[in-house]
Structures are given as C-alpha cells and as structure tokens.
Amino acid sequence: VAFLAFHAIALWVATIKLEDTEISWWPTFAFAFMGDAAALGCLVASWFVSCPYVKLCLQERQPKVGVDCPSILTDIFPEIILAFFGALFMIFIFVTEFLVFSHLTADGGTSRVVGVNACLAIIGLVCIIHAVLLRPQAALFGFVGLDIWATLVVVHGTGDNSSLVFWRFVPTAAAVLLFVVTLAAQMRSAAAVLRRPEKVLRSLEVLALCIAEAG
C-alpha cells in the first residue's frame, strides 16, 4: 500500500512538472524513493516478524505449534525466501528509478538510455514470470509487467514525435484501471471472509490506485 501510495503521489507531482518545466524532477522521484524505502522496510521486517514463533517451534521440535498455526517448513520459510527475492527486486527497481532520474536531470547519453530500457524490460519480465508462476498478487504483477513492456513498445514506436506523447501514458492508465476493477471484484467476492483490518488495507490499496489513475 505504501509503495502504491507514494508512487501515486509521484505521478501526480510528475504531471505538475510536465506543466511547469522550471520545477525540478527531484520532488517526483523523492516520493518514488520513499515508496521504495517503505516497501523494502516492510519486506526486511517480514524476515524477522516470525522469529519468536520459529524459536518456539524449534524448542518444541515440531514444524508447527497448534492446529491452526502455520508450519515453519511449508508456510513461513517459503514466505521468507520470497520476501528475500522481493527485497532484491525492490533494490533493482530503486536502481532503475535512480537511472531514470539521472537521465532526466543530466545528459546521460545513449548508453544511459539503453541501460534504463534494459532495466525496465527486466523488471517487466520478472513481473510477468511472477504472475504466471505464483498466484498471490498475480493480477498486480501481471498488469505491471504488461504495462512496462507495452510502454516501452509505444515509446520506441512514437520516437520523438511530440504529437504522440499522449499514447505513452495509455498503457499505464489502462493497467491501473484494469487492476482497480480486478481488485474491487476480488474484494467483493471475499467480503464475507475478510476481517476489518484486511478490508481497510484493501480499500487503501484501491484508493492509492484511483489516485494514480486520476494523476
């Protein structure tokens, strides 16, 4: 939620920047970097939040304690491993955003543009693979991956034609809209089993995406 909220604000600030060329790119990317830091902090914290339960299971010499509790072998350890790769992925996203920021604020040349495009293509590919192989958050990663690849294709197809700049934002707007609809449908189907905190977090996620769509 924090990642989406900060990047939604970053998109809103970017629209102001496009209207006023005297504004620096730094405020836009500052919010994006804060979103990356918040997401990375949550991923790192998730490595240690289950430590007391893991210690208890090791003391009891059992994979789980209690009937309804998760197993450290089939539930907790796989989640920790996924969180580790998620943290690496977030670091890669930060590096890509920093390369984009450096390119926009300085003359990075063709090599930097190629580096940014390559990083974005890798991020998009990883998102699509995640959506295909792992069911949790499949819609989010799938739409993000397709959005990145579609945007790269549109950017290269439009070139320097200023009259076609609008089409560069169409894949992102379509991806956000489709994901909002998908998320709202999932919330409606699972409303009976979701608890109040989960409903609040899902609602905040939808709100952040709606802000991004409006931006």
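**First stop: Asp-147**

Select Asp-147: leaving aside residues up to four places away in sequence, Asp-147 touches Pro-171, Thr-172 and Ala-175, a contact being heavy atoms within 4.5 Å. This is a predicted model, in which local features need pLDDT of at least 70, side-chain atom pairs count only at pLDDT 80 or more, and totals for chains, interfaces and linings use all residues. Residues are numbered from 1 along each chain as its sequence is written, and side-chain values use heavy atoms, with hydrogens and water left out.

Asp-147 lies in helix H6, residues 138–158 (helices are DSSP runs of H or I, at least four residues, numbered from the N terminus). With a relative accessible area of 14%, Asp-147 is buried (buried is under 20%, exposed over 50%, partly exposed in between, with a 1.4 Å probe and protein chains only).

**Second stop: the core**

Next select Ala-39, Phe-89, Met-90, Ile-93, Ala-121, Ile-123, Cys-127, Ile-148 and Leu-152, the nine residues of the largest nonpolar core. Helix H4 (72–105), helix H5 (109–133) and H6 each give two or more residues to this core. Such a core joins buried Ala, Val, Leu, Ile, Met, Phe, Trp, Tyr and Cys residues through side-chain atoms within 4.5 Å. Ala-39 touches Phe-3 and Met-90, not counting residues up to four places away in sequence.

Select Phe-94 in helix H4; its relative accessibility of 34% makes it partly exposed. Is Cys-42 buried or exposed? Cys-42 is exposed, at 54% relative accessible area, while Cys-51 is partly exposed at 29%.
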